[in-house]
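Please read these notes with the structure open beside you. Each point takes up one topic and can be checked by eye.

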Amino acid sequence: MRKNLNVIAAYCIMMGLIILVGIFQSWNIALSIFNLCLISAVMTMGANIQWGYAGLINFGIMGYTALGGLAAVLISVDPVQEAWSKGGFDILMSLFLIIIMVFVVRYILKKYKKSKIRTYSIASIIILGIIIIRFTAEPGIEAIEAVNPAKTGFLGGLGLPIIFSWIVGALFAGVLAFIIGKVALGLRADYLAIATLLISEIVIAIIKHEDWLTRGVKNVIGLKRPAPYEVNLQQTDWFINLVEKFNLSKLNLISDLSERQAALNQFVIEGSSVFVKLCYSGLFLVIVITLLILTQKALYSPWGRMMRAIRDNEEAANAMGKNVVKQHLLIFVLGSAIVGIAGAMLVTQDGLFTPGSYRPMRYTFLIWVMVIVGGSGNNFGAILGGFVVWFLWIEAAPIGLYLVNLTTAGLDNSHFLKVHLIESVPYFRFLMMGIGLLLIMRYRPKGILPEKIEIK
Amino acid sequence: MDFVNAIILLLNYIFVPALAYGSQLALGAIFVTLIYGILRFANFATGDMMSFGTMVTILFTWYFQSLGISLGFLPTALLAIPFAIIFMASYMLLIDKFVFKYYRVNKSPPVQLAMVSIGVMFVTQAVVRIIIGPSDRRFFDGEKFLIKAGEFKEMTGLNEGLAIKSTQVITIIVTMILVSVLFWFLNKTRTGKSMRAYSDNEDLALLSGIDPKKIVMITWIIAGILATIGGALYGLDKSFKPFTYFNNMLPIFAAAIVGGIGNPFGAFLGGYVIAFSEILLTYAYKKFFMYVLPESMEPEGLVQLLSTDYKFAVSFSILVIVLLYRPSGIFKGKIL
C-alpha cells in the first residue's frame with residue numbers, strides 16, 4: 001500500500017481535476033474528456049507495450065488507429081446490396097488475385113536461393129500483378145462509386161453490432177503490424193521510427209482515396225451505437241423518473257407547475273447526453289481495466305521478464321537462446337492490436353469515420369508524449385499519461401486564455417497584441433505539450449510514474 | 001514536329017516542376033543528413049524549423065515592403081533571407097544550448113534525442129502558429145513568369161507552351177550555388193574536413209584535437225542556413241502554410257534515407273529521386289502518347305500509373321523498398 005501511494009495520489013488528483021471540470025464547466029464536457037482520456041489510455045497502453053516492454057519505437061500509431069476505425073465502418077454499416085451486385089464480383093476477383101500474388105511470391109522466396117534473377121522476377125510479378133489488378137478492379141470500383149454517390153457509393157459493411165469491430169479492429173491492426181514488422185523490425189531504432197511513420201501515412205492515403213471501401217474523404221456518418229440514443233431516452237418513462245429523482249431538491253424549489261415541467265425537460269435533455277456518455281464510459285472502463293489486468297499479468301510473467309531482458313540487452317538475451325526477432329514481432333503485433341481497439345472505440349464513440357482527421361500530430365506524436373510523460377514501462381504510468389496529456393490538450397485553450405488575459409491585463413482590449421494573442425489561444429496547447437515533454441525528458445526522464453519492477 | 005511538342009510537354013509538366021521541387025527537398029534532406037551525421041539523431045523538428053525560418057523571412061519581407069524597398073523583378077524575399085538566416089541560426093543555437101546540449105554531453109541514446117526533437121517540434125510549431133497564424137500566406141512579389149506559355153507558343157510556333165516560373169529558376173540557381181559552396185566547404189576547408197572527421201569517428205576526431213563545441217556550433221549554423229533557404233524557396237514557389245511544412249518533413253526524410261543518411265551528396269540526389277519519381281509516376285501521359293504514337297494507337301485512358309492522390313505514398317514506397325534492399329541508401333550513408 002505504502003509503495004503504491006504515489007500511484008494512488010496521482011490518480012486521485014487526476015480524477016479530482018476531471019470532477020472540477022464537471023462542477024465548473026459542465027458534466028457533459030467532463031465526461032467527454034474522461035471518455036477520450038480512456039481511449040487515449042488504451043492507445044498509450046499499446047504504445048507502452050512496444051516501447052516500455054521491448055524498446056521498439058512505433059511511430060505508426062495513426063495508421064493502426066485508422067484501421068480500427070475502418071473496422072468499425074466495415075462491421076457496423078449495413079451492406080449496400082446494389083453496389084455488391086454491380087461491382088462486388090470485380091472486387092472479390094482482385095482480392096483473390098492479390099492472394100494468389102502473395103502465394104506466388106512466397107513460393108518463389110522459398111523455392112529458389114537468393115539471386116539477382118529471383119529479385120527481378122519477384123519485382124516483375126508484383127508490377128504485373130498490380131497492373132492486372134487495376135484492370136480487374138477498375139470497372140468494379142467505378143460501378144460501386146456510381147451507386148448513389150451522395151449517400152453510399154461504397155460496398156458498405158456487414159451490418160453487425162459495432163462492438164464486434166473492437167475485436168476486428170485489433171485483428172486488422174495486428175495483421176498490418178505483422179506485415180510491417182516482417183519488413184521493418186530489423187532496422188535501427190530511428191530508422192524504424194521513420195519507416196513506421198511513413199507507412200502509416202501510406203495507410204491513411206489508401207483509406208482516404210479508395211472511395212469504394214469507406215467513401216474516402218466523403219466520410220461515413222451515423223454509425224450504429226452500442227448505447228441508447230438521446231432522443232429515445234428523452235421519451236422513456238423510467239429515465240424521466242430517474243432524472244426527476246436526481247434533481248428533486250432543485251425542482252421542489254419551483255412552485256409553478258408549467259415552469260416545473262419546463263425545468264424538468266431541460267434536466268432530461270441534459271441528463272440524456274450525460275447518460276449516453278456514462279454508458280460509453282462504462283464500456284471503455286471495462287476495456288481499460290481488462291487490458292490493464294492482462295498487461296500487468298504479462299509484465300510479471302516469465303514472458304515479461306524475457307521481454308525486459310531483450311530490451312535491456314538484446315545480445316545477451318539472444319545468447320541465452322531467446323528468439324529476439326520472433327519476440328519483437330510478437331510484441332509489435334500485440335501492441336498495435338491494442339491501438340487498433342482504441343481506433344475502433346474512438347469511431348464508436350464519435351459515430352462517424354472521417355479519414356481526413358487522421359493526422360500524425362494528433363494520433364502519433366501526441367500519443368508518444370503521453371507515453372513519455374506518463375512513464376514508459378509502467379502500465380499505470382501510461383494510463384495516467386493518457387489522462388494528464390489529454391486533459392491538458394483540451395483544457396489548454398481555457399488555461400491559455402486565462403494566462404493571456406492575466407499577462408496583458410494592462411493593455412487595452414482592442415490593443416493589437418492582445419487581440420492577436422487571444423486569436424492564437426488554440427495553439428498554446430502545442431506550446432504546453434512541447435514544453436511539458438521537454439521538461440519531463442530533462443528532469444524526470446522516466447516519466448511521472450517511473451517503471452518499478454518488484455521481484456517477488 | 002509532334003516529337004518536339006511531346007518533349008516540350010514533358011519539360012513543362014514534369015521536368016521543370018520536378019527539378020524545382022527536388023531542389024527544395026534536397027536542401028531539407030541535406031539539413032536532416034547533416035544533423036544525423038554530426039549530432040547523431042533523426043531530427044523530427046525539420047519541417048517546423050523550416051517553417052520557422054520561412055516565417056522570419058516573411059516577417060522581414062513585410063518589413064521591407066512597408067519601407068518601400070524592393071528588388072525590382074526579383075522577389076523581395078531574397079533580400080530578407082540573409083537577415084532571416086542570422087535570426088534562424090541564433091534560434092538554432094539557442095535550442096541547442098537549452099535542449100540538445102544536455103543530452104549530447106550525457107551521451108544519451110539517439111532515440112532519446114529524437115524524442116527530444118519531437119518536443120522541439122511541438123514548441124516550434126506553436127511559436128510559428130502563435131506569431132503568424134496557421135493560414136496560407138503568399139509573399140511572392142516581382143515578375144511571376146520568366147517565360148509564359150502563350151509567348152513561348154508564339155515564339156516557336158509549337159502547339160505546346162512552356163511556362164517557366166521565375167521562382168522555379170531562382171530555386172534551382174540558389175540551390176546550385178548553395179550546394180556547391182557547401183560541398184566546397186566540407187571538402188576543401190579545414191573546418192569542413194574536421195566536421196567530416198567528427199562525423200566519421202567521434203573519438204578519433206577528438207583525439208586529433210578537433211573541438212566538438214565548434215563543430216556542433218557550425219553544424220547548427222549551416223542547418224539554419226539550409227532550413228531558412230529551403231523553406232523560403234518552397235514558400236516562394238508554392239505558398240507558406242505551417243501544416244504543409246510539417247508534412248514536407250516526410251518526403252524530406254525519405255530523400256535523406258534514400259540517398260544514404262549521413263551522406264550530403266546522397267541527400268542532394270535523393271531529393272531529386274523522390275521529386276522525379278513522385279511526378280513521373282503520377283503524371284497522366286495521355287497527351288504525350290497522342291503526340292508520339294500514330295493516331296490509330298492513341299490510348300483511351302489517361303495512361304496514369306497512379307492517381308495523384310498517392311503522390312506522397314510513392315516517395316514512401318520508394319523509401320520502404322530502399323530500406324529493405326539497401327538500408328544504407330543508394331549512396332552508402334554515414335561517411336559525410
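**Notes on the two chains**

1. Val320(B) is a residue of helix α13 of chain B, which covers residues 311–325. The model is a predicted one, and that applies to every point below.

2. Which residues does Val320(B) touch, not counting residues up to four places away in sequence? They are Val183(A), Ala195(A) and Ile199(A). Within its own chain, Val320(B) can be compared with Ala254(B): the two are 66 residues apart in sequence, while their C-alpha atoms are 8.8 Å apart in space.

3. The next topic is the contact between the chains. Chain A puts 31 residues into it and chain B puts in 34 residues. On the side of chain A that touches chain B, four helices supply at least two residues each: α6 (164–184), α7 (189–209), α16 (360–374) and α19 (428–443). Of these, α7(A) gives the most, with 12 residues. By class, this side of chain A has 25 nonpolar, three polar and three charged residues.

4. The largest nonpolar core has 206 residues. Which of them touch the most other members? They are Val42(A), Ile338(A) and Ala254(B). Helix α2 of chain A, residues 27–53, gives the most to this core, with 16 residues. In general, nonpolar side chains tend to be buried together in soluble globular proteins.

5. Leaving aside its neighbours within four places in sequence, Ile338(A) is in contact with Val42(A), Met45(A), Gly46(A), Ile49(A), Ala170(A) and Leu291(A). There is also a second, separate core of 10 residues, including Val80(A), Ala83(A), Ile91(A) and Ile141(A).

6. Chain A as a whole comes to 19 helices and zero strands. Its C-alpha atoms fill a box of roughly 90 × 60 × 55 Å along the principal axes. Of its 456 residues, 40% count as buried. Among contacts in chain A with a separation of 6 or more, 82% are between residues 24 or more positions apart.

7. How is chain A divided by its domain assignment? Domain 1 takes 5–79 + 156–443, and domain 2 takes 80–155. The C-alpha centres of these two domains of chain A lie 34 Å apart. Seven residues of domain 1 of chain A are in contact with 11 residues of domain 2 of chain A. The side of domain 1 that touches domain 2 has three nonpolar, two polar and two charged residues.

8. Chain B has 13 helices and two strands. The box filled by its C-alpha atoms, along the principal axes, is roughly 70 × 55 × 35 Å. Buried residues make up 46% of the 336 residues in chain B. For contacts in chain B between residues at least 6 apart in sequence, 75% join residues at least 24 apart.

9. Why can the radius of gyration of chain B be said to agree with that of a compact globule? With 336 residues, such a globule would have a radius of gyration near 20 Å, and chain B has 21 Å.

10. Helix α3 of chain B, residues 77–105, has a kink of about 50 degrees, centred on Val99(B). Just after α3(B) comes Lys107(B), with a positive phi of about 55 degrees, although Lys107(B) is not a glycine. Lys107(B) sits in the loop between α3 and α4 (110–132) of chain B. Lys107(B) counts as exposed because it has 8 other C-beta atoms within 10 Å.

11. Arg40(B) also has a positive phi, of about 65 degrees, and is not a glycine. Its place is in the loop between α1 (2–39) and α2 (46–67) of chain B. Is Arg40(B) buried, exposed or partly exposed? With 16 other C-beta atoms within 10 Å, Arg40(B) is partly exposed.

Terms used: Residues are numbered from 1 along each chain as its sequence is written. Chains are lettered from A and ligands numbered from 1 in the order in which they are written. This is a predicted model: local features need pLDDT of at least 70, side-chain atom pairs count only at pLDDT 80 or more; totals for chains, interfaces and linings use all residues. The radius of gyration is taken over C-alpha atoms; the globule rule is 2.2 Å times the number of residues to the power 0.38. A residue is buried if 20 or more other C-beta atoms lie within 10 Å of its own, exposed if 12 or fewer, and partly exposed in between; C-beta atoms are placed from the backbone. Two residues are in contact if their C-beta atoms, placed from the backbone, lie within 7 Å. Ala, Val, Leu, Ile, Met, Phe, Trp, Tyr, Cys and Pro count as nonpolar, Asp, Glu, Lys and Arg as charged, and the others, Gly among them, as polar. The bend at a residue is the angle between axes fitted to the seven residues ending there and the seven starting there. A nonpolar core is a set of buried Ala, Val, Leu, Ile, Met, Phe, Trp, Tyr and Cys residues joined through C-beta atoms within 7 Å. Domain bounds come from an automatic or database domain assignment.
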